[in-house]
Amino acid sequence: MENKTPYLVTEDGQELYEHHRIVVDPGQEALRIDKFLFNRIINVSRNKIQTAAKAGTILVNDKPVKSNYKVRPGDIISVVLSHPPRDTEIVPEEIPLEVVYEDRDVIVVNKPAGMVVHPAHANYNGTLLNALAGYFRKKGAKDVENGFGYLVHRIDKDTSGLLLVAKNEVAQTKLAKQFFDHTVERKYQALVWGDFDEKEGTIEGNIGRHPKDRRQMTVFPDGSYGKPAVTHFRVVEPLGYVTLVECRLETGRTHQIRAHFRYLGHPLFNDARYGGDMILKGTTFTKYKQFVKNCFKLLPRQALHAMTLGFVHPATGETLRFSSALPEDMQTVIDKWRAYATQRES
């Protein structure tokens, strides 16, 4: 019996990695687990299975095993397999990159707003992977297996902030397991419409494609469709008609923060796809409307920044944690709202 669950999917529908759960049949003869999985999982090479075993992401009865483990009837096998980007040529491009950290296994970059992570329809160049390919080529890096890195997660085009990329498949597979186990620390800051009665809370609700607009994700609170999603938040600073919040992701669904806060009735400021690009709170005064429109011009994207990223290093086992300051466009608009709120109170 097998259950396959794609765990993280890019915006163009491409799986980054997947999870398989297999219960070994009662009549199964003793067989090496790499051969057993090669026979059971469609479109997977034995080398990829052995890489997963080396990375410690093949578990039998909740314990990691090596490639030569002999399966037994009743064994419960759990395996996380990586899917390196494929079907699209990654052309090296000389695009400025802010590298926060790098070693032989991983690289952490601070992605600017407006940059797509992976080449896809209508965005075949100018992406983060194109930039990484150019960066690695320029520095003569020989420690990157495929020349541009392996994605383990992604952030939206118009979201800024920290992104982790593996430099080899073993590192990617180990990091994929951390994302699957929800042990990676990811905190965002967002400017959202409206005020909150509570200082902190949790948003829960399955997220899936909107039935009428495939570009949008929507929340299905009854669990009838989509995948489970959990976002924890706390109020950082109330700013009159908008609020600065910190979000901690427990799961990593496409547009999770954006969809969850719209469901809560607090769309992200200037998030055009989720209705945040309209004046949703405030007065009818012309001066106020002009103030908001000016803020929209200063921040022509959703107000969302991936601020904190923490994970266990796939080779050393050391816990690493990185932080990124708010970019200038978000900080400028927050400062303007802070000044507006102060003036309003006085």
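Y288 and W337 are both buried, where buried means a relative accessible area under 20%, exposed means over 50% and partly exposed lies in between, for a 1.4 Å probe and protein chains only. The model described here is a predicted one, in which local features need pLDDT of at least 70 and side-chain atom pairs count only at pLDDT 80 or more, while totals for chains, interfaces and linings use all residues. Residues are numbered from 1 along each chain as its sequence is written, and side-chain values use heavy atoms, with hydrogens and water left out.

A pair of aromatic rings is described by the distance of the centres and the angle of the planes. Rings of Phe, Tyr and Trp (for Trp, its six-membered ring) pair if their centres lie within 6.5 Å, and planes under 30 degrees apart count as stacked, over 60 as edge-to-face and the rest as tilted; by this rule there are 17 aromatic pairs. In one of them, Y288 and W337 have ring centres 6.3 Å apart and planes at 70°, so this pair is edge-to-face. Y288 belongs to helix α6 (residues 286-298) and W337 to helix α7 (residues 328-345), so the pair ties together parts that are 49 residues apart in sequence; helices (H or I, at least four residues) and strands (E, at least two) are DSSP runs, numbered from the N terminus.

Y288 is buried with a relative accessible area of 2%, and Y340 is buried with a value of 18%. Ring pairs link W193, Y241, F269, Y288, F291, F296, W337 and Y340 into a cluster.

## Salt bridges

A salt bridge is a side-chain nitrogen of Lys or Arg within 4 Å of a carboxyl oxygen of Asp or Glu, and the structure holds 17 of them. One joins K167 to E102, with the closest N and O atoms 2.9 Å apart. K167 lies in the loop between β11 (160-166) and α4, and E102 in strand β8 (residues 99-102), so the pair ties together parts that are 65 residues apart in sequence. K167 is buried, with a relative accessible area of 1%, whereas E102 is partly exposed at 22%.

D329 and R301 form another salt bridge, whose closest N and O atoms are 2.9 Å apart. This pair links distant parts of the chain, with D329 in helix α7 and R301 in the loop between α6 and β18 (304-312), 28 residues apart; R301 is buried, with a relative accessible area of 5%. In the salt bridge of R338 with D335, the closest N and O atoms are 2.8 Å apart, and both residues lie in helix α7, 3 residues apart, about one turn of the helix. R338 is partly exposed at 30% relative accessibility, as is D335 at 37%. Salt bridges that share partners also join E102, K139, D143 and K167 into one network.

In helix α2 (residues 46-55), the buried residues are K48, I49, T51, A52, A53 and A55. They are covered by elements that include α1 (33-40), β4 (58-60), β7 (76-82) and α4 (169-180), and contact means heavy atoms within 4.5 Å. After α2 comes G56, which has a positive phi near 80°.

Two packed helices are described by the angle between their axes and the distance between the axes. For α2 and α4, the packing angle is about 65° and the axes are 9 Å apart, the axes being lines fitted to C-alpha atoms, for helices over the stretch in contact, with angles running from 0 to 180 degrees between N-to-C directions. The contact is made by K48, T51, A52, K54 and A55 of α2 together with E169, V170, T173 and K174 of α4.

Most residues other than glycine have a negative phi, and most peptide bonds are trans. N61, which is not a glycine, has a positive phi near 55°, and N61 is found in the loop between β4 and β5 (63-64). D62, also not a glycine, has a positive phi of about 75° and is found in the loop between β4 and β5. N61 counts as partly exposed at 41% relative accessibility, whereas D62 is exposed, with a relative accessible area of 72%.
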